[in-house]
Amino acid sequence: MAEQKDYEIPKPLPWEQRANGVSPLPGGYSEYLESLSKICRQVEQDSLSFEQAAAWMQGEFDISEVSSRLRLRFLETAGLINSDDGIMRLKEPLQFWLEGGQKAVVIAIMHSRIKFIGEMLEELRKPKQPKRLQEIASNYGLDWERPTQINMRRGWLESAELITASRTGLELLPDGEKLLERLNISPPIENGSARRSTTSTTVEGEQKETLGSERLPNAEKLASEILESSTDSGNPKRFERAVRDGFQFMGFVAKHLGQSGQTDVLLTAPLGKDDSYRVAVDAKTVGSGSLKDSQVDWETLKEHQEKHSAQYSLLVAPNPTDPRLMQRANKNLIGVMSAEQFADLCLGHESAPLSLVDYKQLFKAYGEIVPTAVEERADQVVRLRKLAVAICRQLPERTDRFGPMSARDVWLSLDKKEAEGFSEDEIQGLLSMLSHPLIGAVYDFGKGQRNCSNRRYVLASSRDTCRRRIELLANDIAAPGQAA
């Protein structure tokens, strides 16, 4: 590998700090690096932000917004691209590859950040089938029910021309052997099957995976699993569990049922005696990637809704765009949501968590669900949060010069873009919230006065102190079985 003589193989992160999951790029197993090259050259040429790069990928590869965002996030996780200053930039070793360096450089970078990349190469010194590699991965603490992650790694290694498929399975090529000579390979974990990176706990009689000590995976992992499992027609329970986990992440009490005569997932929104509501959810996997009307038993869905005393019925499936399907759904008073829409909702909930009252709007529609009201509410939450941050940043500078400020003073001092669409009364409301003793971010000199125009505010705590107060409150609220 003389072409790499000026390139130092990156030192791998400690095993526990390396990521478990790999994402594919558009194209078949032999085309991952071709797609990566297109992405890198576009990013380099136009100095794209993350959002711009995701939009470009969506159009270039004809994939969904969710898919493009997940793939870009993976490229960051894999150490190939970063966006520390808001602009996507290529890591220096990747530049080496684009300028004519060997493809193995890409894999060397990935190996330093992702588990079982070089290790899979090492295991292929003797040819093996993907199913066998999946079994071997458990010796490295990776407990995968299906060989999906092995196949994704195969795509990266095969497109880098380090392995190939033969009658006996996947096998190492000469360039793969050369790269192995330069990599620091982690050995299998002793008693690896007992020391997996995921833990297993029993929930309502079934096995449920959790990551580390987290109750649920983060939004991107959920979204990725929702999309991937929606077309895994050989394992429909997997999609049902992903749907359950997604709604649980959004705040619902979500139970996976899925037995004969029962709905797949039953949602409960516990809003009190008169306002709680239930949703019977049917999660439909389709191997072809597109649900048709002929694949839905509408009468059964209605029976499930009635049996569980649910106010609403929802069908979640990949690409349910069949016009007849939507007509039948509307006629039967059943909402239809695509797997991609659902994945988007999970991603949106991470940046703008909404209430179960807000999400109720999703289920009131029949036929195709258009989440406009939810998206508008999420935008409002994000804008309010940004406005609160702007107020906390403005107050110290302004009050140092002019003394305590009224809501109107604050409103007039804000940048037009920050204050656009907000009234003086809304600014007053935010200031009142920030001055509450529980938050204590600002101090209200006119506390108790009915006339708000007489109330004046200054920043009372450092932003770090405010953050710590909010984190303590959040931790106490979320602590199971523990009073605040």
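This is a predicted model: local features need pLDDT of at least 70, side-chain atom pairs count only at pLDDT 80 or more; totals for chains, interfaces and linings use all residues.

Author: H10 covers residues 219–229 and H11 covers residues 236–249; their axes lie 9 Å apart, and the two helices pack at an angle of about 150°. An angle over 145 degrees counts as roughly antiparallel, and H10 and H11 are therefore roughly antiparallel to each other. Their crossing is left-handed. On the H10 side, the contact is made by Ala219, Leu222, Glu225, Ile226, Glu228 and Ser229. H11 contributes Arg238, Phe239, Ala242, Asp245, Gly246 and Phe249. Sorted by class, the residues in this contact of H10 with H11 are six nonpolar, four charged and two polar.

H10 also packs against helix H3. The axes of H3 and H10 come within 11 Å and cross at roughly 125°. That angle makes H3 oblique to H10. The crossing of H3 with H10 is left-handed. From H3, the residues in contact are Val66, Ser67, Leu70 and Arg73. From H10, they are Glu220, Ala223, Ser224 and Leu227. The contact of H3 with H10 divides into four nonpolar, two polar and two charged residues.

H3 spans residues 65–77, and Thr77 belongs to this helix. Thr77 has a relative accessible area of 35%, so this residue is partly exposed. Leaving aside residues up to four places away in sequence, Thr77 touches Ala19, Arg113 and Ile114. Arg18 is 59 residues from Thr77 in sequence, while the C-alpha atoms of Arg18 and Thr77 are 9.0 Å apart in space.

Ser47 sits in the loop between helix H1 (32–46) and helix H2 (50–61). Ser47 is not a glycine, yet its phi is positive, at about 50°. With a relative accessible area of 41%, Ser47 is partly exposed. The other residue is Asn319, in the loop between strand E10 and helix H13 (323–331). Asn319 likewise has a positive phi, near 45°, and is a residue other than glycine. Its relative accessibility is 38%, so Asn319 counts as partly exposed.

The loop holding Asn319 leads back to strand E10. E10 covers residues 312–317 and pairs with strand E11 in the parallel sense over four bridges. Within this pair, Leu315 stands opposite Val336 of E11. In a regular strand, side chains alternate between the two faces of the sheet. E11 (residues 335–338) is covered on both faces. Gly335 and Met337 are buried on one side, and Val336 and Ser338 are buried on the other.

Strand E3 (residues 163–166) and strand E4 (residues 169–172) run antiparallel and are joined by four bridges. Thr164 has Glu171 of E4 as its bridge partner. A hairpin of two residues joins E3 to E4.

Conventions
Residues are numbered from 1 along each chain as its sequence is written. Side-chain values use heavy atoms; hydrogens and water are left out. Axes are lines fitted to C-alpha atoms, for helices over the stretch in contact, and angles run from 0 to 180 degrees between N-to-C directions. Angles under 35 degrees count as roughly parallel, over 145 as roughly antiparallel, 65 to 115 as roughly perpendicular and the rest as oblique. A crossing is left-handed if the near helix is turned anticlockwise from the far one by less than a right angle, and right-handed if clockwise. Contact means heavy atoms within 4.5 Å. Ala, Val, Leu, Ile, Met, Phe, Trp, Tyr, Cys and Pro count as nonpolar, Asp, Glu, Lys and Arg as charged, and the others, Gly among them, as polar. Buried means under 20% relative accessible area, exposed over 50%, partly exposed in between (1.4 Å probe, protein chains only). Two strands pair if DSSP finds at least two bridges between them.
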